[in-house]
Structure formats: structure tokens, C-alpha cells
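Take a look at the model below.

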Amino acid sequence: SPSGFATLTAALAESLNPSQLIVLIDKNNKAQEWQKTLATLYMPNAMVVSIAEGVTGLPGVLEKPRKDAVNAWVCQGVSCLPPISDLNHLVNTLKTGKIAPL
């Protein structure tokens, strides 16, 4: 079955290079500015999620503490970096590709 080969290839690619999850959270809804900046970057294996104020009942990976400044959590596989509160630092971190396990 040819379609099975494509699925296996996609699973292998995901295993060798896990996708990144970037979670943006703040109290003042400034994360939209960060999201616009991140949208200009080429990150085919990344998903950016901005959590709005007042959203409850989130799964554990998305349940992060809120602060006045924007905080970004970059996760890959089951490893996450500490929160990043500077947009330029976040962009530089994402440009490096893979994150080191903690």
C-alpha cells in the first residue's frame, strides 16, 4: 500500500526531528504582537499557541502561570525551556532549531 509508506516516512521524520510547541501567555494581551513576529519566521515544524486571558481547563502542557509581561515556553518532544520574556531572545532561540533536553 503506497499510502502506508508516506505515513511511515512522516512518522520517522517526526521521530528524528520532533515538532516544537511555542506557548505564549500574558495578562495584558500583548502576545498578539509576538505572534505576528513569529509568523514572519520560517518554522515548518512549529506550532505557536497564544492563550487568551480567562481561558480555563487547559491541558497540563498549556497551563502556565500568567505574568504582566509576555512569557513564551518553547517545548520540543517532552522537553521545555524555561520561560522566555524577551522577544529577540525567543527569535534567536527558535532560529537555532532543536532545543537541548533539560
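Strand β1 (residues 20–25) pairs with β3 in the antiparallel sense, over six bridges. Two strands count as paired if DSSP finds at least two bridges between them. Strands pair through backbone hydrogen bonds, either parallel or antiparallel. At I25, the bridge partner in β3 is N71.

This is a predicted model: local features need pLDDT of at least 70, side-chain atom pairs count only at pLDDT 80 or more, and totals for chains, interfaces and linings use all residues. Residues are numbered from 1 along each chain as its sequence is written, and side-chain values use heavy atoms, with hydrogens and water left out.

## An enclosed strand

How many residues of strand β3 (residues 71–76) are buried? Six of the six are, so β3 is largely enclosed by the rest of the structure. Buried means under 20% relative accessible area, with a 1.4 Å probe and protein chains only.

Both faces of β3 are covered. On one side sit N71, W73 and C75, and on the other A72, V74 and Q76; all are buried.

## The hairpin

β3 also joins strand β4 (residues 79–80). Two bridges link them, and the strands run antiparallel. Q76 stands opposite S79 in β4. The hairpin has two residues between the strands. There, G77 takes a positive phi near 65 degrees.

## The sheet and its helix

Four strands form an open sheet in the order β2-β1-β3-β4, with mixed pairing. β2 (46–51) and β4 are the edge strands, each pairing on one side only. Helix α2 (residues 31–39) packs on this sheet and touches β1, β2 and β3. Contact here means heavy atoms within 4.5 Å. The direction of α2 makes about 150 degrees with that of β1. Axes are lines fitted to C-alpha atoms, for helices over the stretch in contact, and angles run from 0 to 180 degrees between N-to-C directions.

## The whole chain

The protein chain has three helices and four strands. Along the sequence they follow the pattern α-β-α-β-β-β-α. Helices (H or I, at least four residues) and strands (E, at least two) are DSSP runs, numbered from the N terminus.

The C-alpha trace spans about 50 × 30 × 25 Å along its principal axes. Of the 102 residues, 30% count as buried. Among contacts between residues at least 6 apart in sequence, 65% join residues at least 24 apart.

Definitions and conventions: Buried < 20%, exposed > 50% of the residue type's maximum accessible area, 1.4 Å probe, protein only.
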